[in-house]
Amino acid sequence: MENQILDLKKSFSKEIEKAESLKDIDAMKVRYLGKKGPVQDLMKSLKDCTNDQRPLFGKMINDLKGTFSQEIDNRFMTLKEEELKAKLQNESIDVSLPGRKGLNGGIHPISQMMDKVLDVLIQMGFSVFMAPEIESDFYNYGGLNYADDHPARDMQDTYYVDKNTLLRSHTTSFQQHVLEMYKPPIRMVCPGKCFRNETISSRSHVIFHQCDVLYIDKDVTFADLISTKKEFYRLLFGREVELRMRPSYFPFVEPGMEVDLRCLLCDGKGCKLCKQSGWLEVCGAGMVHPEIIKQGGLDPEVYSGYAWGGGIERLYLLMHQVNDIRLFMENDTRFLNQFS
């Protein structure tokens, strides 16, 4: 067995000197120290030795195994260093090149638009009220005069958490919160995110942002609503814009209307955004329904008010001539950097 150990040691020494790559070293490690290698065979042959020989040969085999392992590790490190040096020598580094400029973060376009809308409304005398995104059925529907069988309550339109809890489908859900907490005169706006099971297109998305306005006091008239709307859009766009009011139904206002703004993207000539109509709906509005005022603990014979709510994305589309609402949700820096 002693001659076998010496022959194996000579064979290993010659082979490791010829190893020229990390791949060769890995192959040697498997071949000599693996489960089917010669060192393991020597360990198995110890059973054939006498009791006197077994300790001596066992120590020789363990020393051989340790020597092989150490030399393999040393050769591996030597070849790895040589490989790295060769790689560095083949690389050219121009130390005179300027460093890479770090990218500065920016405010998302929707946040920019929301801030602008709130700045205008605060300038007009409104206060900001933040309402929860997860609402009860009462605040989102029941307290806003929605009938129990109203289509908006259907599962295909509303994201329900459970039977009585849902993701708010409009920021109008803040109205009963405000009426419970404050007494007239009430001049409040509620900005935030809304969720609705819509078909995603260039004009609509399942996640969108709104800002709702509520004004309740004595002797508030429809004329107040019209004049306030006109002044709001004039301040927002920095110039006079053409509005169109169309009668419409909303459970929480009476009378109700939809407000259209002449498309600024095509100047009313017709485009993809306005569906070739020249007009783009920007909000729903109307006089607060007497039932809403009554549910808020006020006398509708004494108090009246107006309310409106509109999408933030659509205002941004108009102001910056963006033709697809989906771009705001895709986090494509090529798009977002244009508005940083």
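What volume does the second largest pocket have? In this predicted model, the second largest pocket has a volume of about 180 Å³. Its lining is made up of Leu103, Asn104, Gly105, Gly106, Ile107, His108, Pro109, Thr333, Leu336, Asn337 and Ser340.

The largest pocket has a volume of about 940 Å³. It is lined by 44 residues, and the closest to its centre are Arg196, Glu198, Gln210, Phe250 and Glu281. At least two lining residues come from each of β6 (207–218), β7 (243–250), β8 (253–262), β9 (279–288), β10 (303–311) and α10 (312–320). The element that gives the most to this lining is β9, with 7 residues.

The table sets out the linings by class.

| Pocket | Nonpolar | Polar | Charged |
|---|---|---|---|
| Second largest pocket | 4 residues | 7 residues | no residues |

Two helices can be described as a packed pair. Helix α5 (residues 109–123) packs with helix α8 (residues 222–237) at an angle of about 130°, and their axes are 10 Å apart. The crossing of α5 past α8 is right-handed. On the α5 side, Met113, Lys116, Val117, Val120, Leu121 and Gln123 make the contact, and on the α8 side Phe232, Leu235 and Leu236. This contact of α5 with α8 has 7 nonpolar, 1 polar and 1 charged residues.

Terms used: Residues numbered from 1 in each chain as written. Predicted model: local features only at pLDDT ≥ 70, side-chain atom pairs only at ≥ 80, totals over all residues. Heavy atoms only, no water. 1 Å grid on protein atoms, 1.4 Å probe; cavity = no way out; pocket = protein on both sides within 12 Å on 5 of 7 lines; lining within 4 Å. Points joined across faces, edges and corners; volume = space filled by probe spheres on them. Helix = DSSP H or I, 4+ residues; strand = E, 2+ residues; numbered from the N terminus. Nonpolar A, V, L, I, M, F, W, Y, C, P; charged D, E, K, R; others polar. Axes fitted to C-alpha atoms, helices over the stretch in contact; angles between N-to-C directions. Left-handed = near helix turned anticlockwise from the far one by under 90°. Contact = heavy atoms within 4.5 Å.
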